[in-house]
Amino acid sequence: MKKQILDLTVRAVERINGKYVLLRLTDEQPLPEMLPGQFVEVRVDNTSDTFLRRPISINFVDREANELWLLVAVVGDGTRHIASVPVGGKLNCVFPLGNGFTMPLTSAERVLLVGGGVGVAPLLYMGAEMQRKGNTPSFLLGARSASDLLLLDYFEKYGRVYITTEDGSAGEKGFVTSHSVLSEEPKFDMIATCGPKPMMQAVARYAASEGISCEVSLENMMACGVGACLCCVEKTVEGNLCVCKDGPVFNINKLLWQI
């Protein structure tokens, strides 16, 4: 899939809470084709302290509005500058980068999309694409508390939503792997997950124990986005692979987590 470098215009800024900002970007020309699970490298302008682009998952693509959505977690100077670009401002983006999730082949496949923190971002687009192709997914979203849950109204448009919070303030109390939906029959045919590594490892262990196909979207530190700098290398059964180029989505059978 051909990569593009575009100065995208910020059409809307939605402040989800004190940490997260949803940016809706557009261009005068139709946006290129993008797959669920791919990401964008965003240049950080107007600062002398941040030299590297920031990798941000593709949260959603609205074809009718010609919009690309980015859910930005403000965790440092780079993401703070990106999140502060006003409506009408420009963000220089390299995209689409990486490989996406495997989409189900039939509408009969039961698919569970598991997310935590900002890791929920790529799952919204995947769920929307699944629904567009006739398959309704189930979302299992985890957070510390109800105030940390993100974009629930959007997720509910595209599938069944299940929630866990560590403090029990919303949904079932506990971690995603303790939710009762995982004990339902029939079992899910496929799981895709993105979020904190311990959460993804727990989901991977569950999937492996149940014989369920599972893909994870890794969040290793990525600088270049094209496999040149080697700072995002992950050890796999095939040797060291660059998460930005060979991932960020991997089947758990390719990782060394279960060995």
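## Basis of the description

Residues are numbered from 1 along each chain as its sequence is written, and side-chain values use heavy atoms, with hydrogens and water left out. Because the model is predicted, local features need pLDDT of at least 70 and side-chain atom pairs count only at pLDDT 80 or more, while totals for chains, interfaces and linings use all residues.

## The sheet and its helices

Seven strands form an open sheet of mixed pairing, in the order 10-9-8-7-11-12-15; helices (H or I, at least four residues) and strands (E, at least two) are DSSP runs numbered from the N terminus, and two strands pair if DSSP finds at least two bridges between them. Strand 10 (172–173) and strand 15 (249–251) are the edge strands, each pairing on one side only. Strand 7 and strand 11 (residues 190–194) are parallel partners over five bridges, and Leu113 has Ala192 of strand 11 as its bridge partner.

Helix 2 (residues 121–132) packs on the sheet, where it touches strand 7, strand 8 and strand 11, and its direction makes about 160 degrees with that of strand 7. Helix 4 lies across strand 7, strand 11 and strand 12, running at about 170 degrees to strand 11; such angles run from 0 to 180 degrees between N-to-C directions, with axes fitted to C-alpha atoms, for helices over the stretch in contact.

## Nonpolar cores

A nonpolar core is a set of buried Ala, Val, Leu, Ile, Met, Phe, Trp, Tyr and Cys residues joined through side-chain atoms within 4.5 Å, where buried means under 20% relative accessible area, exposed over 50% and partly exposed in between (1.4 Å probe, protein chains only). The largest such core has 31 residues, and Val114, Ile191, Val216 and Leu218 have the most contacts inside it. Helix 4 gives the largest share of this core, six residues.

## A buried serine

Ser138 is found in strand 8 (residues 138–143) and is buried, with a relative accessible area of 2%. Leaving out residues up to four places away in sequence, its contacts (heavy atoms within 4.5 Å) include Val111, Arg160 and Phe188.

## Cysteines

With a disulfide taken as a pair of cysteine sulfur atoms within 2.5 Å, the count comes to zero. The sulfur of Cys224 is 3.7 Å from its closest cysteine sulfur, in Cys229, and is therefore too far for a bond. Cys242 is in no disulfide either, since the nearest cysteine sulfur, that of Cys232, is 4.8 Å away.
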